[in-house]
Amino acid sequence: MRRRAMTESLPASSDTASRTAPLAVYSHVSTYRVSQLELQLYSPSLKVDSKGPIAVFNDHDRLSGKVVLDWQAYHSGKLNIAIEGSFAYPEPSGVASSYGERKKYKIFNLTKTVNVSPPQINDSSRFFREAFRRRPSGSSISVKSPSMERSYPFEMSLPQGCRPGEELPSSFSPTTDTEGNPFASGCEISYKVIVSWEPDVSAGSTSHLEVPIILQSEGDFESKDAGLGASGDCWVEMPLKTERPIPMHCAVALPTSVTFCRSSLSIPYFVVFTTTPRAPLLTREIAADSTIAVALVRQITIQQPQMVFPLTPPPSPSRESPVRLLRRVAKSSSRLNLKRKRDGIVDFGDEFKDKPLPDLPLRTSFSEQKVIYSDFILGFSKRPRHRDCEDGTHPTLEEQSSLPDGLHKGKIPLHKEMLPCIDWPGVSVKYYLDISVMNGIDDMRARIPVRIY
């Protein structure tokens with residue numbers, strides 16, 4: 001439990017020789033204390049909220065600091081330093097549109113263990129003089145001088161993705177009530193530093209400290225080119241599919257990056273159609289009678305590895321004859337391609353060298369697909385037109401014929417409380433844009449993945 005936090009800023013040229021500092025020292029030092037230990041956390045920046053200052057790190061930073069054991073702590077034991085990330089999600093309670101308590105899935109857990117032993121003192125007379133001055137008990141006669149600081153610096157790297165696009169998710173916590181807000185999810189992404197002290201004797205008291213930290217994506221590593229680009233004409237067109245051939249084609253146009261920021265106002269899009277071959281009468285009917293359906297869908301999936309055990313034990317070899325059993329052993333030995341070296345070391349061959357272990361099968365522990373925004377539009381209200389050229393001339397007939405017959409322009413609103421996209425082993429948050437154009441009995445559809453950060 002965090003009791004107190006004190007922060008200070010160190011100038012770049014400050015003398016830190018008095019500190020046993022790790023390799024990476026940032027400009028801010030936050031100090032947290034509990035009984036028997038103190039944690040000093042180095043961070044590039046801080047964020048102050050109602051709970052006090054919180055250390056802020058980028059996803060490519062190295063988390064460093066120092067743990068100081070109090071002189072009252074036992075002289076030997078284990079000091080555990082861990083960094084933990086978790087994804088909390090609401091578990092459905094079985095009632096429609098209702099959720100129960102939130103469950104947590106560990107995104108990662110990094111642990112470093114330091115074996116603490118008594119310090120070596122050359123001056124034995126000083127050792128006994130300092131020890132008996134405080135009249136210690138027989139079970140704790142050890143060096144516990146307040147003048148001797150037992151500090152243990154540490155430095156740990158945050159895990160990085162193995163596949164392209166795999167990034168450690170940033171900290172996320174809804175600031176408002178999720179009820180009544182279709183964009184909010186009730187999920188939370190949190191990180192914390194855990195320090196625990198375990199003395200070697202059962203009579204000694206343990207200490208436990210948990211400090212929350214904030215993790216955010218670094219601007220140099222995250223794409224910020226959402227929107228229309230510099231020219232405003234960078235669009236990509238994706239066709240809508242139908243079950244049977246019909247004399248018309250529909251498509252949806254989105255910005256090329258298909259990446260949008262939650263703080264931006266909306267996602268712009270176009271829906272267009274073209275008759276094939278061109279038929280003015282059919283064009284008017286489609287433009288007046290078609291229904292356009294637009295939906296933004298959020299999909300959350302949590303997967304956990306499961307252990308697979310055989311349901312029935314393998315048949316006992318005792319039932320087989322000795323001759324048949326020896327033949328099976330000889331065949332399996334030849335398949336392993338064992339090559340005994342002169343020094344007696346067994347070589348399993350190139351087939352088994354550096355062979356990775358198979359991945360454990362995954363089971364889906366939580367899955368949710370929710371429509372957070374939907375809209376219905378009746379008909380195509382606009383007809384596309386070419387702009388006049390800069391020299392005042394009109395577009396050619398070929399350029400006019402390449403234009404679609406009908407167009408709908410719309411925007412999908414975004415909200416800062418939206419859960420960002422996550423692509424991390426075990427945790428997946430995706431957004432899809434579902435577009436549908438219905439005309440009579442025909443239905444043309446498309447599902448386009450979009451990235452929201």
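**Close-up views of a predicted model**

**View 1. Arg447 over the ring of Tyr432.** Arg447 lies over the face of Tyr432, 4.7 Å from the ring centre. A charge counts as over a ring if NZ of Lys or CZ of Arg is within 6 Å of the ring centre and within 35 degrees of the ring normal. The model is predicted: local features need pLDDT of at least 70, side-chain atom pairs count only at pLDDT 80 or more, and totals for chains, interfaces and linings use all residues. Residues are numbered from 1 along each chain as its sequence is written, and side-chain values use heavy atoms, with hydrogens and water left out.

View 2. Thr275 lies in strand E15 (residues 266-275). Helices (H or I, at least four residues) and strands (E, at least two) are DSSP runs, numbered from the N terminus. Thr275 counts as buried because its relative accessibility is 1%. Buried means under 20% relative accessible area, exposed over 50%, partly exposed in between (1.4 Å probe, protein chains only). The side chain of Thr275 makes a polar contact of 2.8 Å with the side chain of Asp405. Another polar contact, of 3.5 Å, joins the side chains of Thr275 and Thr283. A polar contact is a pair of N or O atoms within 3.5 Å; within protein, one must be able to donate a hydrogen and the other to accept it, and residues adjacent in sequence count only if both atoms are side-chain atoms. Beyond its neighbours within four places in sequence, Thr275 is in contact (heavy atoms within 4.5 Å) with Pro247, Met248, Leu282, Thr283, Ile286 and Asp405.

**View 3. Strand E13 and its partners.** Seven of the eight residues of strand E13 (residues 248-255) are buried, so the strand is largely enclosed by the rest of the structure. E13 pairs with strand E12 (residues 235-239) in the antiparallel sense, over five bridges. Here Pro239 stands opposite Ala251. E13 also pairs with E15 in the antiparallel sense, over six bridges. There Ala251 stands opposite Val272. Strands pair if DSSP finds at least two bridges between them.

**View 4. Aromatic pairs.** The structure holds five aromatic pairs. Phe108 and Tyr191 form a tilted pair, 5.9 Å centre to centre, with 35° between the planes. This pair links strand E8 (residues 99-116), which holds Phe108, to strand E10 (residues 188-199), which holds Tyr191, across 83 residues. Both Phe108 and Tyr191 are buried. Phe273 and Phe380 form a tilted pair at 4.7 Å centre to centre, with 50° between the planes. Phe273 is in strand E15, and Phe380 is 107 residues away, in the loop between strand E19 (362-378) and helix H4 (397-401). Phe273 is buried at 0% relative accessibility, and Phe380 is buried at 6%. Ring pairs also link Phe87, Tyr89 and Phe366 into a cluster. Rings of Phe, Tyr and Trp (its six-membered ring) pair if their centres lie within 6.5 Å; planes under 30 degrees apart count as stacked, over 60 as edge-to-face and the rest as tilted.

**View 5. Backbone exceptions in loops.** Most residues other than glycine have a negative phi, and most peptide bonds are trans. The peptide bond from Thr276 to Pro277 is cis, with omega near -5°. Pro277 sits in the loop between E15 and helix H2 (280-289). Gln36, not a glycine, has a positive phi of about 80°. Gln36 lies in the loop between strand E2 (28-34) and strand E3 (37-43), and is buried at 8% relative accessibility.
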